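Here is a short tour of one protein model, written for someone who likes to keep the structure open while reading. Please have a look at it first.

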Amino acid sequence: LREQLRAALTKSNSTESRLLAREASSLRGMISNLESVRKQEREDYDRELRMKDKIIRQCSSRIDMMEQRQMELETESTVLQKLVMDKDMYAATLEKKLQNVENQRSAKDDYTLLPFNQLWMS
């Protein structure tokens with residue numbers, strides 16, 4: 001009877017041992033799959049971060065270029081405004097000179113239109 005119990009216990013232990021080994025193997029496979037998935041997700045996440053960093057750098061560079069261009073345009077605008085003011089002042093000066101020349105010419109014409117004897121007397 002003892003031998004039968006021992007044989008039954010050994011058989012039971014052997015079956016249970018095989019089941020436990022099979023379950024352990026299955027769990028190892030699941031762990032391996034989960035580690036692979038985690039590794040792939042991490043690589044995807046890192047790739048996405050690198051792509052976003054690249055986009056941020058490109059945008060930042062573009063912003064820098066736009067700010068530089070804005071400063072150049074502001075400088076050009078200031079120069080053009082000064083040129084317009086200078087042109088206006090020069091035009092006003094030329095108008096005054098023209099008016100003076102016309103006034104002198106008018107006075108000269110008035111003087112030359114006087115009869116000779118009036119010129120002599122003045």
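Leu 80 sits in helix H1, which covers residues 2-113; helices here are DSSP runs of H or I with at least four residues, strands are E runs of at least two, and both are numbered from the N terminus. With 52% relative accessibility, Leu 80 counts as exposed (buried is under 20% relative accessible area, exposed over 50%, partly exposed in between, using a 1.4 Å probe and protein chains only).

Together with Val 79 and Leu 83, Leu 80 makes a nonpolar surface patch of about 280 Å² accessible area.

## The model as a whole

This is a predicted model, in which local features need pLDDT of at least 70 and side-chain atom pairs pLDDT 80 or more, while totals for chains, interfaces and linings use all residues. Residues are numbered from 1 along each chain as its sequence is written, and side-chain values use heavy atoms, leaving out hydrogens and water.

The protein has two helices and zero strands. Of its 122 residues, 0% are buried.

## Salt bridges

You will find seven salt bridges in the structure (a side-chain nitrogen of Lys or Arg within 4 Å of a carboxyl oxygen of Asp or Glu). Asp 44 pairs with Arg 47 at 3.0 Å, N to O, and these two residues are three apart in helix H1, about one turn. Glu 48 and Lys 52 also form a salt bridge, with their closest N and O atoms 3.0 Å apart.

Another joins Glu 76 to Arg 69 at 3.7 Å, N to O. Shared partners link Arg 69, Glu 72 and Glu 76 into one salt-bridge network.

Notes: Patches are made of residues with over 30% relative accessible area and no salt bridge: like charges are joined within 9 Å, nonpolar side chains (Val, Leu, Ile, Met, Phe, Trp, Tyr) within 5 Å. Accessible areas come from the Shrake-Rupley method with a 1.4 Å probe; for residues, only the protein chains shown count as cover.
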